[in-house]
Each structure stands twice: as C-alpha cells, then as structure tokens.
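Subject: Structure handover

Hello,

Here is the structure you are taking over. Please open it next to this email, and the notes on charged side chains follow below.

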Amino acid sequence: QVQLQESGGGSVQTGGSLRLSCAASGYIFCMGWFRQAPGKEREGVALISAGASHMYFADSVRGRFSIARDDAKNTVYLQMNNLDPEDTAMYYCAARRDVCGWGVAFNYWGQGTQVTVSS
C-alpha cells in the first residue's frame, strides 16, 4: 500500500503562482494530479512517469502548469503559474504502479489540498 501526502495549497490572486508537492511512501511509476471543483466532475491535470519519460497535461493547464518529480524522494511537484479563478478546486495527488496516461484507473489517492484563486 502506497500512501500519498500533499502539501502546498493555498489562496492566491489571479495571475499568481503556487507549487504543490506530493510525497509517496515508496517508489511508484506514475504520479500526478487531479482536481475537483464544487459541482464539477473530477478532472485530470497533469501526470508524470518515472524518470520523467512521459508527461501529460490537460488542455486547460498546458503552458501554465508544469510537473516534475524527484525519484530519489518519491515526490512529485506541480508548479502552477498564471492562475485563474477557474483553477480553484481541491487538488488530489494520484498514483499507480504501472502504465501512465489518461483513461486508466489510479489506485492511490491523497487527501487533497485546496487551491483558491481570487479575482
């Protein structure tokens, strides 16, 4: 069983930046971020495979968000720039042991960290 611990959420104004971190309790191949805003379905934000060999981004964040990982620390980072109120949501770290990509089920989830962007 892998445990995920997120940190780094908070409140910023439009155009601001935040960095989220997610530490896994052990090595895991695919890590990433999903988000869910009130009244909306959960959506994928960004994924990264081990060694950063593959990365995936939602169209809504491409060019503003970046994802990175430190495999030595089993930690993934989501750098969010030029934030917009539409980015306001609970952000969840997710992970799975094998394939990485949209459309696959993720086995492990963090508790979530709130990101609020005000205009």
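A residue is called buried when its relative accessible area is under 20%, exposed when it is over 50%, and partly exposed in between. Keep in mind that this is a predicted model.

By the rule used here, there are seven salt bridges. Three of them are described below.

Glu 43 and Arg 35: their side chains form a salt bridge, with 2.6 Å from N to O. Glu 43 has a relative accessibility of 33%, so it is partly exposed. Arg 35 has a relative accessible area of 5% and is therefore buried. Both residues also belong to a network of salt bridges that links Arg 35, Glu 43, Arg 64 and Asp 87.

Glu 86 and Lys 40: this salt bridge spans 3.6 Å, N to O. Glu 86 sits in the loop between strand E8 (75–80) and strand E9 (89–96), and Lys 40 in the loop between strand E4 (30–36) and strand E5 (43–49), so the pair ties together parts that are 46 residues apart in sequence. Glu 86 is exposed, at 57% relative accessible area, while Lys 40 is partly exposed, at 46%.

Arg 96 and Asp 98: here the side chains meet in a salt bridge at 2.4 Å, N to O. Is Arg 96 buried or exposed? Its relative accessible area is 12%, so Arg 96 is buried. Asp 98, at 41% relative accessibility, is partly exposed.

Regards

Technical notes: Residues numbered from 1 in each chain as written. Predicted model: local features only at pLDDT ≥ 70, side-chain atom pairs only at ≥ 80, totals over all residues. Heavy atoms only, no water. Salt bridge = Lys/Arg side-chain N within 4 Å of Asp/Glu carboxyl O. Buried < 20%, exposed > 50% of the residue type's maximum accessible area, 1.4 Å probe, protein only. Helix = DSSP H or I, 4+ residues; strand = E, 2+ residues; numbered from the N terminus.
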